[in-house]
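Subject: Structure for you to look at, with notes

Hello,

Here is the structure I promised to hand over, and below it you will find notes on what turned up when I went through it. Please read them with the model open beside you.

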Amino acid sequence: MVIIPATTGQMGVLPGHVPTIAELRPGLLSVHEGNDVTKYFLSSGFAFIHANSVADIIAVEAVQIDRIDPSLVQKGLAEFTQKLSSATTDLEKAEAQIGVDVYSALNFAISG
């Protein structure tokens, strides 16, 4: 089974899943193989679930969760929060909000 962070919510995919295309949001993707679970943080992308029970995950960035440094996540979140509060143009606000969203999702992923 694969649990995907879709923009519509968490989506579990098992063999025989209906063919689907889903947009991914920043979040945790987990791959379950028997009792083993491997977790990855995805920044964004798409999931393509095919009729033959294959799921293709196309991600902008994917990092195994145990390779993420929590102190760097906190630093990045603080940096983008500061940028958001001092942003003066719509572009600056949008870019800072994306950073806050990604680092908030990263923080959530490593916390739980």
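Is serine 43 buried or exposed? Serine 43 is buried, with a relative accessible area of 8%, where buried means under 20% relative accessible area, exposed over 50%, and partly exposed in between, using a 1.4 Å probe and protein chains only.

Before going further, please keep in mind that this is a predicted model, in which local features need pLDDT of at least 70 and side-chain atom pairs count only at pLDDT 80 or more, while totals for chains, interfaces and linings use all residues. Residues are numbered from 1 along each chain as its sequence is written, and side-chain values use heavy atoms, with hydrogens and water left out.

Serine 43 sits in the loop between strand S5 (36-42) and strand S6 (45-49); helices (H or I, at least four residues) and strands (E, at least two) are DSSP runs, numbered from the N terminus. Leaving aside residues up to four places away in sequence, serine 43 touches Arg25, Pro26, Val60 and Glu61, contact meaning heavy atoms within 4.5 Å.

The protein is divided into domain 1 (2-66) and domain 2 (69-111), with bounds that come from an automatic or database domain assignment. Five residues from domain 1 and five residues from domain 2 take part in the contact. Between them the two domains bury about 420 Å², 89% of it on carbon and sulfur atoms, and this buried area is the accessible area (1.4 Å probe) that two parts lose on being put together, summed over both. On the domain 1 side, Pro26, Phe41 and Ile65 supply 81% of the area buried against domain 2, more than any other three residues.

The count of salt bridges between domain 1 and domain 2 is zero, a salt bridge being a side-chain nitrogen of Lys or Arg within 4 Å of a carboxyl oxygen of Asp or Glu.

As background, side chains of opposite charge can pair when their charged atoms come close.

Best wishes
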